Structures are given as C-alpha cells and as structure tokens.
Amino acid sequence: MDKAALNKIVSGVYVVGSTKEGKLNGQIINSLIRITADPVYVAISINKNNLTCDYIRSSGVFSVSMLSTSVPMTFIGLFGFKSGREVDKFAQTHYRLGKTGAPIVLDHTVSWMEGRVTNAIECETHIVFIGELVDYDVVSSGEVLTYEYYSTVMKGKSSKNAPTYTAPEEKKAAVTGQKYTCSVCGYEYDPAVGDPEHGIPPGTAFADLPSDWTCPVCGADKSQFEPSTPLRT
C-alpha cells in the first residue's frame, strides 16, 4: 500500500483548546469535519495520550481555531510539538474564553468555533469527539492553512501523536561538520557550536546526538531535522 494516497485527504491545520478545573490547554490537529448544517455538529480527532484529550473528556467542551497561512513555525512548534504538561501554552498566546469556558486562540486565526461534546467514539489510538457548536465567528480575511500547504510549502511535519504522522528514515550526516535544520521552527544545529545549554558540547556531530535530544527552540525530535546546505569540500 502506498501511504502517499492518504496524503490526498484534504484537511486543515487547527488549534483545539479546552479547559479542566480552571486550567487551559491546546494542541494542533488536522482532523476536523462538519457533520450537519442546522444545528451545526462537528467532529475532531484527538490522541488519547494528549493532555487536551483529557481536558475535553473532563469538561465536555472545546474550541477550534482555523490558522492562516501566515502562521510562524514557532507557533506550530508551541502547540504541536510541546506538551501542556511542561509548558503553559496560553501564557504566550492571545486568546479569550468562549461561552463554554474553552479558550479560543486568536493569534494567526482566520475563524474559530466552540462546542459542547455530545458523543465520543474510541478509535484505537484516538478519540473522535462529536460536538454541537454554540458559537463561531470570523477573525480575519487571511487564507486558511491546509495540511497540504503546511507540508509542501512550509515543509512542516506531523507530531508522533498525529493521525498523519509517518516515521521517516533517520539519516546520518555524511560529514561530521554537517549542519541540520529543524523543519518545524527553522533552528539550525551546528556541530561546531553544539547545544551547551542542554549538555551537548561543541564538536558533537548530529548523528551522535542522544536519541532523546530535541530542538531547543520548539521541542521537535531528531526525526524532524533535515540536512542544511551541504558542506563544500
């Protein structure tokens, strides 16, 4: 089977937000469908291991913000590759609380919606939450970010918990001094500099970095890095 066929499914890139006991969290998703016209029901898919899934299960409410094509990769990195268990994502984000109490992300947003869960379906690694919308609005006239644009133009990747994730083959640097660039946020790892702040001394080749090393900017793992412009020898 050719997994490229699955990439032909048209989807967008969105931020889903929810709340639990006064705390807020959110994450990137690319699975959202409109089910009915009136009343409006939608469905979203969330990995069971994600904190946002726990929040939606507990509160029964959620918001969805449709991102624009102008969204910076650092924003994708914050909501898509960092965990709310370790980072307060909303401390760095412009948002407001909706009618349901769910946080609505306004940064880099074209439009948003919020709803209450009416049903939940378990699908192996994910839960599909079906909800009735209680409010929605347009924020800007920007172009909505599709997953195809994100992956082909912005060269973005999916997190390991995303339904669109495909494990890449790990490539070792052919040259010790080869630089590698994070495809999520653009950070460049330079072996000559290393990552001293995280215990990686200068002179450490990318291939020799620990398997659990992550991008110091957005938290993306090694599989999200690609060779920078080849060295001239």
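Reply:

S183 counts as buried because its relative accessibility is 10%; buried means under 20% relative accessible area, worked out with a 1.4 Å probe on protein chains only. Before we go on: this is a predicted model, where local features need pLDDT of at least 70, side-chain atom pairs count only at pLDDT 80 or more, and totals for chains, interfaces and linings use all residues. Residues are numbered from 1 along each chain as its sequence is written, and side-chain values use heavy atoms, with hydrogens and water left out.

So where are we? S183 is in the loop that runs between β10 (180-182) and β11 (188-189); strands like these are DSSP runs of E, at least two residues, and helices are runs of H or I, at least four, all numbered from the N terminus.

Now for the neighbours. Leaving out residues up to four places away in sequence, S183 touches M73, M154, K155, G156, K157, Q224 and E226, where contact means heavy atoms within 4.5 Å. Take Q224: its backbone oxygen is 2.6 Å from a polar atom of the S183 side chain.

Conventions:
Buried < 20%, exposed > 50% of the residue type's maximum accessible area, 1.4 Å probe, protein only. Polar contact = N/O pair within 3.5 Å; in protein donor to acceptor, adjacent residues only side chain to side chain.
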